[in-house]
Amino acid sequence: MSGALLRQTANSLASPEQIPGYCRLEKIFESPRSRVFRAERESDGKSVILKLLQEDFLERHEIARYKNQFRIASEASLSCAPAIYAYEKHHNAPMIVSEDCGGNSLDELLGKGPLELSLGIDIAVRLAKALVEIHSKNIIHKDINPSNILYVKASGDIKIIDFGISTRLFREQA
């Protein structure tokens, strides 16, 4: 989706919800479990992504997934993932604040039709390098799919998101 189309779609999904410390909220995704907003952090004007757990899913295992995602993504310092800035609470629900890298999901790109061959090869190579980086940090993502792969058109970068069910291997298992 182009930036303008993404913002137009996001505006049509926008909710009147307010989150203290953030302004210009645009809902860019919603599922039964989570809501994702693009927002501006009031303290420094930085564009960020806010991922909140839906209030209907405030169960221990769901909260643990958010904490796991925050811990793995922030401790690993992966160049192939958006930077994680904070783990906060909003209305008693966990919220992860991360870098807004400006990417679109591979799912969105493929929804527009087949990719140009050179672009497809470039994305495949960059994705392979991203997976090597993730695995070199002893992380298994467990949910690599087109929705969790962002392509940043301006830079050509690939960013992997949603480390909620990821695990970290500390030793090899036979």
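A: The model is predicted. Start with the face of helix 4 turned away from its buried side, which carries the exposed residues L117, K129, V132 and S136. On the buried side sit I123, L127, A130, E133 and I134. Seen down the axis of helix 4, these buried residues fall within an arc of 120°, so they line one face of the helix. The general rule behind such a pattern is simple. An α-helix has 3.6 residues a turn, so residues three or four places apart point the same way.

Now the helix itself. Helix 4 covers residues 117-136, which makes 20 residues. From first C-alpha to last, helix 4 reaches 29 Å. That is close to the 28 Å expected at 1.5 Å a residue. After helix 4 comes N138, with a positive phi near 60°.

What covers the buried face? The cover on the buried residues of helix 4 includes helix 3 (106-111) and strand 7 (139-140). It also includes strand 8 (149-152) and strand 9 (157-160).

Take the strand 8 and strand 9 pair. These strands run antiparallel and are joined by 4 bridges. Within this pair, I149 stands opposite I160 of strand 9. The two strands form a hairpin, with 4 residues between them. In the turn, G156 has a positive phi of about 80°.

Then the other pairing. Strand 6 meets strand 8 in the antiparallel sense, over 2 bridges. S105 belongs to strand 6. Its bridge partner in strand 8 is L150. Is S105 buried or exposed? S105 has 9% relative accessibility, and buried means under 20%, so S105 counts as buried. Leaving aside residues up to four places away in sequence, S105 touches P146, S147, I149 and L150. Two of these contacts tie back to the pairings above: L150 is the bridge partner of S105, and I149 is the residue opposite I160.

Strand 6 pairs with strand 8, and strand 8 is joined to strand 9.

Technical notes: Residues numbered from 1 in each chain as written. Predicted model: local features only at pLDDT ≥ 70, side-chain atom pairs only at ≥ 80, totals over all residues. Heavy atoms only, no water. Expected span 1.5 Å × (residues − 1). Buried < 20%, exposed > 50% of the residue type's maximum accessible area, 1.4 Å probe, protein only. Arc of directions from axis to C-beta. Contact = heavy atoms within 4.5 Å. Pairing = 2+ DSSP bridges.
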